[in-house]
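Here are my notes on the model, as promised. Have it open while you read, and go through the points in order.

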Amino acid sequence: MREKQFLMGNEVLARAARAAGATGMYGYPITPGSEVLLWWAKEAGSEQGKKDGLVFLQAEDEIGASFMLSGAALAGTKAFTVTAGPGNVLMQDAFSMCEAMRIPIVAYINQRGGPSTSTVIYSQSEVTLTAFGGNGNGYRVVYAPSDLQELYDYGIKAFNTAWKYRFPTFVLADGYQAKMMGEVEIYDPHDRGIVMASTERYLLEEKRDRPIDQVVPKPEVHIRVQDGVEYSCYRNCLNLEEETLQVNMEIKDAWDKAAPEIEEHETYGDDRAETLIVAFGIVGAASKQAVDQLGGKARLFRPITLRPFPSAALKKAVKGAKRIIVPESAIAQLSRLVKETLYGVTDAPMIEHHRPSIGINVDEIVDLVRKHHV
Amino acid sequence: MQETFKIVICGEGGQGVQSIAKIIAQAAFDQGKKAVYVPYFSTEKRGGVTEAFAQIGEAVPAYPKFAKADLWVALSQRAVERIHGYLKEGTEVVVNSYLVKDLSLIARWKPIEIDAGRIAKEEFRKPRVFNMVMMGAMVKRIPGLDKDRFEAALDHVFASKYAKDPSLKELNRNAFEKGYGLA
Amino acid sequence: MSDMTSPLAFPRCVRIESKPHLFCPGCGHPEVLKAFGFAVDDLGIQKQVAFGVDIGCSLLAFDFFNIDTIETHHGRTVPVMVGVKRGNPQAVSVAYVGDGGAYAIGLGSLLNAAIRDENILVIVVNNAVYAMTGGQEAPTTLPGTRTATTPYGADSHFVKGPDLVRHLNPGAWIGRGITTRQLELRRLMTEALAFVKEGKGFAFLEVLSPCTLSWGTIDDPHATFDILENRMAKAYRLGKF
């Protein structure tokens, strides 16, 4: 099945979850993400939705929604939520638990203005929150799609990554992507040979493919067998510093193995171009157009995963660059990651173009590059 | 690569600003064009000023916003100031002169004045078709859009409404034609 | 039905390897948990129960049973167990929480689960105090009681969970037991659990339970009993609602 449709970003996200085989959506209305709830509510109540056992639950708040989501994943279902801004803040409580116990939830984040309630419109200022919002040293995967097609592609992929690697996985979009309408190719992942990762219950699983203590850190899971039945008890409240250290190191080891397989980026433009633009998401899309217009003056490095950050690829891409321009609709959230990666690697100066919570047009990036091009 | 045609439209909440832009973009897509639309959505859904952006062409950018428009449409007086920054040399300007009385800010763009509010009320006795009049005027000014196919697309968009009230189809078509003829 | 004549000191579903348990001497939690365990045995649902425990003293129950158990965050056990049930309709989903988790930090989730008639059992252990964090005031602290955060005595407001839930959900199973009356507690527990197992909707059981450490009665069982029966049980009505 292949069809091109003219769709709104939020509908694209909802369809991606459906195509990925998600069965549960737990959410709380917030602009600019509510249309995902609307679509799923309608789908869940349809004849086919009922047949497929789809669950839609509008929770009491984002805290409730995110913990229900965690519970649904513990029950072995592909489940997801969508949120933004203040809702993203509230959900960090549950996301942090998911990091600790390796619970494979999926969350679509449509960044809106900040700080606080701010605008319901757009920003790129939930990078730090989405990628590093937990307490402690949790690990999570963050995809940053740049257009409607990627919303669909990564909206599907997020479920595979979450269940294959058992890390909470995020699709970090923004209000523009959520609300814009445009052309998207909707496909069935099976038709493209995409193998969907299998799921497994954490609670009440009868037959496991891999021992659960190879997923959940050992100090957190106590397994006993009685009358031939295996019972699993999970905790995240630990008594000893040594236990916490072990939990952290087990999670880190799993991450270190998975990260190189998960990392993604895109480079665009003539690799002899003097100016290297580093941008993500929809500003990455605008930068791509700017590169086209600049005729060889600039090239683009676009991280697709913001976590794990494609560090090795960026270090390679920066070679030969005379300057690095980082445009972002935030203050130093992307550029902080870039600096961290490039420390000691290059002498090229970095021009940070920080436009918190406001769009960055193609023309603006073109002007920026021209201004610094000598 | 053909330049993308950029449209900004602005008016009061409830005037159908978003619907107009969305329908135009959707119809362009249905005609095989590349199209993208994004609303300027905010908390002021009612009683505020609202804007919409559409781009139509052969290769449409992934980035939905732009700095300057090729077609600039104001449905109310407040809209004129709100989207003034999107004007450039050569921008085509269309206003709903029923509500836009003061043209001093945009005089040098020689605005096309469509008295859509009056036409809807007096000629069609249905104030709500005012946006069909405006849409007609806009479609005339967008290069490469086929009028007949656009009207067919309209029938498609409003199919369920027309099923309930068949007289609406005639009314909408006439209002659209009227606007198209005026621009 | 289970009764006090059971030959077992512990329910069969109790995890013997994790005993002695982690609670303080004289704590009411093990009594509540035992009543729950006997109810699970009676109904034969050890393999079907998903047991969620809150943060607070209830977290110490995470390996009390050979029952699949998940320890969540403070006040978040109700929504987690809602998700478990929605994700696995065959599960008998139980949230085990303290009065702080239920009536303060998690109240929004509790009441909304009741409003939506979620098919889960919520067990609230009411000891009228925040015990794990060192004896601070709870929403259930009785008027005049001195706690770590009410050095001059608690105010006159306290929450009556079962009444609150009844107001929101006319069809729910609702009851309140007390650890000093094991027979009745086991009966209530079995009834509540059966209600949920049979898919009848939301079940809510509060249990009045002692915190000998915070109450300052760790060496005085009579004083513990006196507070439970003569103060708590007088302020909080017992039985089915």
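1. Start with the open sheet in chain A: five strands in the order E11-E13-E12-E15-E16, with mixed pairing. Strands here are DSSP runs of E with at least two residues, helices are runs of H or I with at least four, and both are numbered from the N terminus. Two strands count as paired if DSSP finds at least two bridges between them. Strands E11 (265-268) and E16 (350-354) of chain A sit at the edges with a single partner strand each, so one side of each has no neighbour in the sheet. On average, neighbouring strands of this sheet are turned by 20° against each other, direction ignored.

2. Before going on, note that this is a predicted model: local features need pLDDT of at least 70, side-chain atom pairs count only at pLDDT 80 or more, and totals for chains, interfaces and linings use all residues. Residues are numbered from 1 along each chain as its sequence is written, while chains are lettered from A and ligands numbered from 1 in the order in which they are written.

3. Look for Ile324(A), whose bridge partner in E16(A) is Met350(A).

4. Now the helices on this sheet. Helix H10 (residues 281-294) of chain A lies across E11, E12 (275-278), E13 (298-303) and E15 of chain A, at about 165° to E13(A). Helix H12 (residues 334-342) of chain A lies across E12, E15 and E16 of chain A, at about 150° to E15(A). For the angles, axes are lines fitted to C-alpha atoms, for helices over the stretch in contact, and values run from 0 to 180 degrees between N-to-C directions.

5. Is Arg272(A) buried or exposed? Arg272(A), in the loop between E11 and E12 of chain A, is exposed, as 8 other C-beta atoms lie within 10 Å. The cut-offs are 20 or more such atoms for buried, 12 or fewer for exposed, and partly exposed in between, with C-beta atoms placed from the backbone.

6. Chain A is divided into domain 1 (2-192) and domain 2 (265-372), with bounds from an automatic or database domain assignment. The C-alpha centres of these domains of chain A lie 26 Å apart. Across the boundary, 22 residues of domain 1 are in contact with 20 of domain 2 of chain A; contact means C-beta atoms, placed from the backbone, within 7 Å.

7. Strand E10 (residues 229-234) of chain A pairs with E2(C) in the parallel sense over two bridges, and Cys233(A) stands opposite Thr69(C). By contrast, no contact joins chains B and C, whose closest C-alpha atoms lie 26 Å apart.

8. Last, chain C as a whole. Its secondary structure comes to eight helices and seven strands, and buried residues make up 59% of the 241 residues in chain C.

Conventions: Contact = placed C-beta atoms within 7 Å.
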